[in-house]
Each structure stands twice: as C-alpha cells, then as structure tokens.
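Please open the structure in your viewer and keep the selection tool at hand. The tour below goes from stop to stop, saying what to select and what is there.

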Amino acid sequence: MAKLWAGRFSKEVDETVNAFNSSIAFDGRMYRHDILGSIAHATMLGDCGIITKADSETLIKGLQEILSDLEDGRLSLDPTAEDIHMFVEAELTKRLGDVGKRLHTARSRNDQVALDVRLYLRDEIKEIQTLVYDLVDALCAMAKEHLDTIMPGYTHLQRAQPITLAHHLMAYANMLSRDYDRLTDTAKRMNYCPLGSGALAGTTYPINRQQTASLLGFTAPVANSLDGVSDRDSCVELAAALSLLMTHLSRFSEEIILWCSWEFKFIELDDAYATGSSIMPQKKNPDITELIRGKTGRVVGDLTTLLAMLKGLPLAYNKDMQEDKEAIFDAVDNVKLCLRTFTPMLRTMRVNKDKMRAAAAGGFINATDCADYLVKHGMPFRDAYKITGTLVASCIDQGLTLETLPLEQYQAMTPLFGEDIYQAISLETCVGERKSEGGPAPESVSHQIALIEAQMEAWER
C-alpha cells in the first residue's frame, strides 16, 4: 500500500522497516472508533465551511459504508497497511477519489490516534465494569447463603479469630466495589477530546472542537494541544486500576487455591472449572485461579511498560508512544478473560461447611473472647491477656482446648471465671457478639451486603 506521507521521500522504505513500523496488527481493533472519529471530523468540516457540505456528506456516507463492510466481513484489514488510520483513509480515497483526500484536512495522525485510543478504552471500561458488577453480585448472593457458615479468620496464615464465610466474601466485594469506582473515575478523566490538537500546535483552519467533542460524547475538548497529543495518562491510569483489580483477584485466587487443597478442603471446585493431571489420576487442579495469579504479574508488567515508555519522552509525540496500545490492550484483554472465568467458577464451587467449622474449632481462635470475658468482669485487658495466654499454654501441654479445660483450672487463675465462660467462648457466641459495624455477626454482614447492593444500584451500567 502506498504511503500517504510519501511526498518527502525519494525512495521506498525498506520492507523490514515497514514491518517494524507497522501497527495495524494490534491497532486494527480500533477500526470502529477510528471511523466514528472520522465521521465526527467530516461533519464538523462541513458545518464549519472548511469543506463543502456535499463533500462532507459524501465522506460520511463513504465512512459508514467502510464500517459496514468491515463488520459484515465484506472488507478485511490490509496487513501491509501502516496502521488503522492509514488503512481507512486509503480505502476511502480508493472509493471516493479526491473527495476522500479531503478527510484529513485540519487533522494529524497524532490527534487521531489519541482520539481512537480514548474512544476504544472508554468502551472497554464499560465492558469491564459490567464484569465487575457480575462478580460483586455473585459475592453478595453467596454471602447471603453463608451468613452462619463459621470459619477461621487468619493473620500471618495462622488461625486468628472466628469469622464467617459471608464476612470473608464481603471483604472482596468491598475491594471490587472500589475497583469499579476507580474505573468510573478513570473514564471521567479520560473523557476529554484530543481531536483538533493537530500534530501538536492545533490548526489555522476555523474548526469547532466543541462540536466534535459533543458528537463523540466527550465532556469537552482537551484544553492544551500539546497535552492532547502527548498525554497517555488515560492508558496509565487505566492500567493502574486494572493492576489493582487483578491484585484483588489474585489474592482471592490464592485463597481458593489453598482452600481446595487437601490440607484445607474448605471448598471443592466444580469439575467444569478445574483440570486434571496427565500422570496422576487423583488430581483436581485449580488452574483458573493459578492462571489469574500468573496473569496478574502480566497486567502489572503492562503498567510498568507504559510508565517506562513515557518517563523520558519530551513533548510532543514520539514513536515510542506506539507501544502504549499493545500494553494497555493486553491488560484489558487479560482482565476481561479473568473476570469471565472467575465469576462462574465462584458461583459453582461447593462449600464444605463442616471443614470450615472444624478448622475454626482448633487453634484457640476464641482466646481473645476469653480475655474479653475477664475484661467485662472488671479485669484490665493486659492482665486478662496474660491469664488467657497462660491458659492456652496449659491447654497445649495437656492436649486440651479452652472449651474442654475444666472450670477449676480456669478458677485457679482467677475467681472471675464462672460457668458461663463456656458459653462466652463458643464459636457461635464469638461470631454472633461481634456486632460492631463491619464485623462478622450475621446482622452486621447483612448490613454490609445491603450497603454494597445500594452502591450497585447507583452504578451506571
């Protein structure tokens, strides 16, 4: 394909350089957004009298036909084209002749590519948010089923205090809710139109940037033309939001990997969301969660790529910035892939309530409640803490638990202990009495679910 910028050059570009320079293999996915941006630009050119109304209408019709042909498979992207922008313009010129050559009036590829990326990512954010919504919805539904499913809460991967599975699930629902809001904030800051910035210094034509911004659904034009073509904040900010989202998925994945091991056996994954071994017939592997854990590093790497690519660039546009698309597209693709597999896996996994409760019954996770019992009977917390620690050590020596330790041994430490100590340290009491806001008591978790569901009702979908 002939280069539309070839007038300055006296010889053909080396084919190796052509291949190295080409980006259509990855920016071709933006064909729809490129054409929609060009339609808005052609509309504005005609309305402003920069080209005739007749030429404007011809360009719009030609662009609409190219879009239809691409979407229906009647037209394919040319892999030898330099990029999607040159492909569309060359195809338009082939179909319309000289009229097609008028499209690029008062426009540069620099503001064109900046526009396409924002349009494309704006749509992708909406799709990712729909997937996040589905996952949060699944977490809330599952939490409602497990308000009374007692399990150990952990610190340092050591059993710490009793909670419920619902409480645990809602921790992730809150994380993902913030991820949703971060994507909303990113989309708001992204929603400014760079079209009309030209190569870097705007244009001498009497364009109407407000019109093109409005036609394309932007809040307003980008205020500075240099910033309009050299900014890639939107890519970096989205990659950062996606990296944190993936980090949350990865942490949850790590727990699922642990929970479905024989050492825990808290859950069992549905057969449709697990794999086997080529040599060990007994294996049921949590490959989905392992891949999510691995792909998190990939998405974080995409963020690092974008930051490293930008950090040394002078204003305005530099060819280095072509590297933005592969990185942010990779991050977007992998986040969508992970969310689409994680949510149905979660919805179909089986919870082993008995195993969770049995784990909660061991490890002295009611020790804090034992100390609190003494505090409620007038003892300073640090004294209560020391006495309870001594009792735990005694239980370990005797092979007992706090529930099975004889009352006389309790009372040998302090007469404040009464028969009701056993009720106070039961797992049901330990969980049920933690009614403080945000705690694991069923009524508290029910309130947490209601708060998240109220947020979800306000989310734009």
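Begin with the charged side chains: the count comes to 30 salt bridges, where a salt bridge is a side-chain nitrogen of Lys or Arg within 4 Å of a carboxyl oxygen of Asp or Glu. Side chains of opposite charge can pair when their charged atoms come close. Before you go on, note that this is a predicted model, in which local features need pLDDT of at least 70 and side-chain atom pairs count only at pLDDT 80 or more, while totals for chains, interfaces and linings use all residues. Residues are numbered from 1 along each chain as its sequence is written, and side-chain values use heavy atoms, with hydrogens and water left out.

Select Asp137 and Arg347, which form a salt bridge whose closest N and O atoms are 3.3 Å apart. Asp137 lies in helix α6 (residues 109–145) and Arg347 in helix α12, so this pair ties together parts that are 210 residues apart in sequence. Helices (H or I, at least four residues) and strands (E, at least two) are DSSP runs, numbered from the N terminus. Asp137 is partly exposed, with a relative accessible area of 32%, and Arg347 counts as partly exposed at 47%; buried means under 20% relative accessible area, exposed over 50%, and partly exposed in between (1.4 Å probe, protein chains only).

Next, select Glu453 and Lys144, whose side chains meet in a salt bridge of 2.7 Å, N to O. Glu453 is in helix α19 (residues 442–458) and Lys144 in helix α6, so to speak of distant parts of the chain is fitting here, as the two are 309 residues apart.

Then move to Glu268 and Arg350, which form a salt bridge of 3.0 Å, N to O.

Is Gly228 buried or exposed? At 0% relative accessibility, Gly228 counts as buried. Leaving aside neighbours within four places in sequence, Gly228 is in contact (heavy atoms within 4.5 Å) with Ala114, Pro194, Ser197 and Val222.

For the last stop, select Leu315 in the loop between α11 (287–310) and α12 (323–348). At 64% relative accessibility, Leu315 counts as exposed.
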